[in-house]
Amino acid sequence: MYRIIEGRGTGKTSRLMLFAKENNAIFICGNPDAMRYKAKAYGIDSVNFISYGDFFNHYNEYSNQKYVVDEIEVFIQQALFYKNELLGYTLS
């Protein structure tokens, strides 16, 4: 698993976009339109950007494909916190 854990403004997103492109992976993010704009500015094309909601709503379609997740903590919140049942987690 390819993990990028760094501070803001360090190029994490652009590196993840390149990784997604190289591996023909879906790029799951909070705002696909903004990410398409960023990718174009970086000169990165041929990346399929989808929202967290699209991934959850069409999980059966996407679950058999390779994917990367931008902002994993937001992804987890979207996936689990809606029921207000998850009280904590660890991250290594």
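This is a predicted model: local features need pLDDT of at least 70, side-chain atom pairs count only at pLDDT 80 or more; totals for chains, interfaces and linings use all residues.
1. Start with Glu22, which counts as exposed, at 63% relative accessibility (over 50% relative accessible area is exposed, under 20% is buried, and in between is partly exposed, with a 1.4 Å probe and protein chains only). Glu22 sits in helix α1 (helices are DSSP runs of H or I, at least four residues, numbered from the N terminus).

2. Residues are numbered from 1 along each chain as its sequence is written, and side-chain values use heavy atoms, with hydrogens and water left out.

3. On to the aromatics: the whole structure holds nine aromatic pairs (Phe, Tyr and Trp rings, the six-membered one for Trp, with centres within 6.5 Å; planes under 30 degrees apart are stacked, over 60 edge-to-face, the rest tilted). Phe55 and Phe56 make an edge-to-face pair, because their planes are at 70 degrees, with ring centres 6.0 Å apart. Phe55 is buried at 3% relative accessible area, whereas Phe56 is partly exposed at 29%.

4. Phe56 also pairs with Phe75, this time tilted, at 5.1 Å centre to centre and 35 degrees between the planes. Phe56 belongs to helix α3 (residues 52-57) and Phe75 to helix α5 (residues 72-80), so this pair ties together parts 19 residues apart in sequence. Phe75 is buried, with a relative accessible area of 13%.

5. Which residues do ring pairs link into a cluster? They are Tyr52, Phe55, Phe56, Tyr59, Tyr62, Tyr67 and Phe75.

6. Finally, have a look at the second largest pocket, with about 250 Å³ of space. Of the 17 residues lining this pocket, Lys12, Thr13, Lys38, Asp70 and Glu71 are the closest to its centre. Helices α1 (12-22) and α2 (32-42) each supply at least two lining residues. (On a 1 Å grid over the protein atoms alone, a pocket is an open set of points with protein on both sides within 12 Å along at least five of seven lines, and lining residues have an atom within 4 Å of a point.)

7. The lining of that pocket divides into five nonpolar, seven polar and five charged residues.

Terms used
On a 1 Å grid over the protein atoms alone, a cavity is a set of points where a 1.4 Å probe fits but cannot get out, and a pocket is an open set with protein on both sides within 12 Å along at least five of seven lines; lining residues have an atom within 4 Å of a point. Grid points are joined across faces, edges and corners, and a volume is the space filled by probe spheres set on the points. Ala, Val, Leu, Ile, Met, Phe, Trp, Tyr, Cys and Pro count as nonpolar, Asp, Glu, Lys and Arg as charged, and the others, Gly among them, as polar.
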